[in-house]
Amino acid sequence: MNIRKVGVIGAGQMGNGIAHVCALAGYDVLLHDVSVERIQAGLATINGNMTRQVGSGRISAAERDAALDRIGIAEGLDAFEATDLVIESATENEAIKRKIFADLCPHLREDALIATNTSSISITRLAASTDRPEKFIGVHFMNPVPVMELVELVRGIATDDDTFDSVRDLAKKLGKQIANAEDFPAFIVNRILLPMINEAVYTLYEGVGSVESIDKAMRLGANHPMGPLQLADFIGLDTCLSIMQVLHDGLSDSKYRPCPLLVKYVEAGWLGRKTQRGFYDYRGDKPVPTR
C-alpha cells in the first residue's frame, strides 16, 4: 500500500511523538484521544517540540509550520475512514487496546492497515481482536519518538508480507532504523531493559543502595546516559509495571516478578515525571530522590 494518510490513536507522549515525525515526513495525520482537550494538549506538545527543533537548527520554521498544518483533529473514530494506516498508541493495557480495535474496525476501509505501538503485548493476540489480522503489525517506537532512531517491527502470526513491507517503508521514510523482533513478550528492547530496571528497584528495595547511589553507579560505572531509576521515571512506572507483568505472565519465570516496591509506587500514583513524583520528586527546581 502507498500510505499517504495516517491516523494516530492516543495523544500522550508516544502518540504525539508519532504524529510529530509522521507530519514532518510529509504524511497527513489525524490525531485522536478520549477528549478534545487531550488532543489539544498533544498538539501543544508537538508545537513546543518542533519549535525546539527549529531553535537547534534541525528543521526550519517553514518545515515546522507545514508539518503542523498536516495534523488534524479526529474527535471520533469515524474520522479514520479515509486513512491508509492507523497506529494505536493508547495506554499499555490489553483490554483497552482490544476495545479500541473493536470500535475502530467498522470505520476503516477494507484495505486499511492497523499498527500497535505496544511495548510488550502479543501482536498475534491483539490482531485476533480485529477483522484484519493479516493487515495488523506491531510498530514499537522508542521514547522520545522525534529523537530516538529505533523502531521495532513485530509481525503477528497472520501478518502478511504486504503489510510488513508497507510499514517498514513508512518507518524508513520517518528516518528510523529498524530491528525485526519476533512476537514474544516485550520483544527485544524491553525484554532486556525492563528486567534491568526492575532489578534496580529490587536493589533499592533491599537497601543495597539509595536512589542517588544506584543511578550514579550505573551512569559512571556502566557508562549509561541515564540511571535506571531516573529512566523508569521517564518511561512511567505504570508502564514499567505493565511490561514486567506481561513478561512474568507470558514467560512464567520468577526472574520477571515485579518488585513489590515498584507495585507500591504505582499504587500510590507516583508514576514518575508525568505525575511529578516517582523515584524522584520533580515538583521543585531540581529533582530530589524520594528514598
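Buried means under 20% relative accessible area, exposed means over 50%, and partly exposed lies in between, with a 1.4 Å probe and protein chains only. The model is predicted, so local features need pLDDT of at least 70 and side-chain atom pairs count only at pLDDT 80 or more, while totals for chains, interfaces and linings use all residues. Residues are numbered from 1 along each chain as its sequence is written, and side-chain values use heavy atoms, with hydrogens and water left out.

**Exercise 1.** Find the salt bridge partner of Lys97 and classify both residues by accessibility.

Solution. 
1. A salt bridge requires a side-chain nitrogen of Lys or Arg within 4 Å of a carboxyl oxygen of Asp or Glu.
2. Lys97 pairs with Glu88, and their closest N and O atoms are 2.5 Å apart.
3. Lys97 is buried because its relative accessibility is 1%.
4. Glu88 has a relative accessible area of 0%, so Glu88 is buried as well.
5. A search of the whole structure gives 16 salt bridges.

**Exercise 2.** Describe the salt bridges of Arg168 with Asp165 and with Asp169.

Solution. 
1. Asp165 and Arg168 meet through their side chains at 3.5 Å, N to O.
2. Both residues belong to helix α6 (residues 161-173), where they are three residues apart, about one turn of the helix. Helices are DSSP runs of H or I with at least four residues, strands are runs of E with at least two, and both are numbered from the N terminus.
3. Asp165 is partly exposed because its relative accessible area is 29%.
4. Arg168 also forms a salt bridge with Asp169, with the closest N and O atoms 3.5 Å apart.
5. Arg168, at 26%, is partly exposed, and Asp169, at 33%, is partly exposed.

**Exercise 3.** Characterise the largest nonpolar core and the contacts of Leu85.

Solution. 
1. A nonpolar core is a set of buried Ala, Val, Leu, Ile, Met, Phe, Trp, Tyr and Cys residues joined through side-chain atoms within 4.5 Å.
2. The largest one has 34 residues, and Val6, Leu31, Leu85, Val139 and Phe141 have the most contacts inside it.
3. Helix α1 (residues 13-24) supplies the largest share of this core, six residues.
4. Leaving aside neighbours within four places in sequence, Leu85 is in contact (heavy atoms within 4.5 Å) with residues including Ile3, Val6, Leu113 and Leu170.
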